[in-house]
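Let us walk through this fold step by step. Keep the sequence and the model side by side as you read.

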Amino acid sequence: MKIGILGCGSIANALTDFKLDGKLDVELSIFYDLKEDSANKLANKVGASATTSIDQLIDNSDLVLEAASQQAVKSLIPDILSAGRDVMIMSVGSLMDEEFREKLISIAKENNAKIHIPTGAIAGIDTVNASRLGDVESVSLVTRKPPVSLGIDLEDEEEQILFDGLASDAVKEYPKNINVSSTLSLASGIDVPVKIIADPKIDKNTHEIHLEGSFGQMVTKTFNTSTPENPKTSVLAAYSVASLLNKLSKTLQIGS
């Protein structure tokens, strides 16, 4: 399977490292970025091509991984799906727009393409998906991050609640920080209540999920190390992408 990379930031950089370490079972075929130097740098690491042309990205890919921005999803993913290419979307906040999400699903169906969403930097998404076969009574997310991960500077050492509301609003105010809330919302079928807290006393991005339903209860908490390139991106998010890419080519499938 040939993978095209849309966006050459921390996720793409991690994937090239996985490939060089023999941990990625797919071919990284072509890298796309508006910054040509960024695409060339990563492409050269793994002997791939680089481009600033979406048409070339499509022509050289079986699946395109979006690791750029919500705007990139809205402007480019429809054309990629229309060309019959599968996509994997990291900027999941873009899919909280129901009309746009249904548009993508319709295009994908018409062109025999698939839309994949990695679990990202949280645990328990398989359970959340399964719980929908019964009744989901409540689900919530509390995210704590060091101020640097949120791009702010707190003058004192007290934590500060930056957001307390629904995921659909959180992804608009913090488009690069809270994609996990969108993944959780799509998996549960609920616009999840989200609390975002800047906490100077921690050094890891932390996500706590509470889920209740007819199946029982689930509580998960992840303490995520940030990628060296970007404090807003958790290493686990990169791991989840590589894991899903590998899973697509395996005969033995574990989990939903």
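Which strands does helix α1 lie across? Helix α1 (residues 10-20) lies across β1 (2-6), β2 (27-32) and β4. Its direction makes an angle of about 155 degrees with β2. Bear in mind throughout that this is a predicted model.

Now look at the sheet that holds those strands. It is open and has six strands, in the order β3-β2-β1-β4-β5-β6. The pairing is parallel. Strands of a sheet pair through backbone hydrogen bonds, either parallel or antiparallel. The edges belong to β3 (49-51) and β6 (115-116). Each has a single partner strand, so one side of each lacks a neighbour in the sheet.

Strand β4 (residues 63-66) runs parallel to strand β5 (residues 86-89), and four bridges join them. Leu63 stands opposite Asp86 in β5. Glu66 stands opposite Ile89 in β5. In a regular strand the side chains alternate between the two faces of the sheet. Are the faces of β5 covered or open? Both are covered. Asp86 and Met88 lie on one side, Val87 and Ile89 on the other, and all are buried.

Return to α1 and look at its helical neighbour. The axis of α1 comes within 9 Å of the axis of helix α2 (residues 36-46). The two axes cross at roughly 10 degrees. The cut-off for roughly parallel is under 35 degrees, so α1 and α2 are roughly parallel to each other. From α1, the contact uses Ala12, Asn13, Thr16, Asp17, Lys19 and Leu20. From α2, Leu42, Lys45 and Val46 take part. The residues of this contact divide into four nonpolar, two polar and three charged.

Ala238 is found in helix α9 (residues 235-248). Setting aside neighbours within four places in sequence, Ala238 is in contact with Ile11, Ala14 and Phe18. An α-helix has 3.6 residues a turn, so residues three or four places apart point the same way. Is Ala238 buried or exposed? Ala238 has 1% relative accessibility, so it counts as buried.

Move on to the segment after α9, where Thr251 is placed. The relative accessibility of Thr251 is 83%, so Thr251 counts as exposed. Thr251 and Tyr32 are 219 residues apart in sequence. From C-alpha to C-alpha, Thr251 and Tyr32 are 30 Å apart in space.

Strand β7 (residues 136-145) and strand β9 (residues 193-198) run parallel, joined by five bridges. Val142 has Lys195 in β9 as its bridge partner. Strand β8 (residues 160-166) pairs with β9 too, but in the antiparallel sense, over six bridges. Gln160 stands opposite Ala198 in β9.

How many of the ten residues of helix α8 (residues 179-188) are buried? Nine are, and the helix is mostly covered. Among the buried residues are Asn179, Val180, Leu184 and Ala187. Their cover includes α6 (125-131), β7, α7 (167-173), β9 and β10 (205-213). Gly189 follows α8, with a positive phi near 75 degrees.

A positive phi also turns up at Asn112, a residue other than glycine, where the value is near 55 degrees. Most residues other than glycine have a negative phi, and most peptide bonds are trans. Asn112 is found in the loop between α5 (98-110) and β6. With 68% relative accessibility, Asn112 counts as exposed.

Finish at strand β11 (residues 216-224), the place of Thr220. Thr220 has a relative accessible area of 12%, so it is buried. What does Thr220 touch, not counting residues up to four places away in sequence? Thr220 touches Ala123, Gly124, His207, Glu208 and Ile209. The side chain of Thr220 reaches the backbone oxygen of Ala123 at 3.4 Å.

Conventions:
Residues numbered from 1 in each chain as written. Predicted model: local features only at pLDDT ≥ 70, side-chain atom pairs only at ≥ 80, totals over all residues. Heavy atoms only, no water. Pairing = 2+ DSSP bridges. Helix = DSSP H or I, 4+ residues; strand = E, 2+ residues; numbered from the N terminus. Contact = heavy atoms within 4.5 Å. Axes fitted to C-alpha atoms, helices over the stretch in contact; angles between N-to-C directions. Buried < 20%, exposed > 50% of the residue type's maximum accessible area, 1.4 Å probe, protein only. Parallel < 35°, antiparallel > 145°, perpendicular 65-115°, else oblique. Nonpolar A, V, L, I, M, F, W, Y, C, P; charged D, E, K, R; others polar. Polar contact = N/O pair within 3.5 Å; in protein donor to acceptor, adjacent residues only side chain to side chain.
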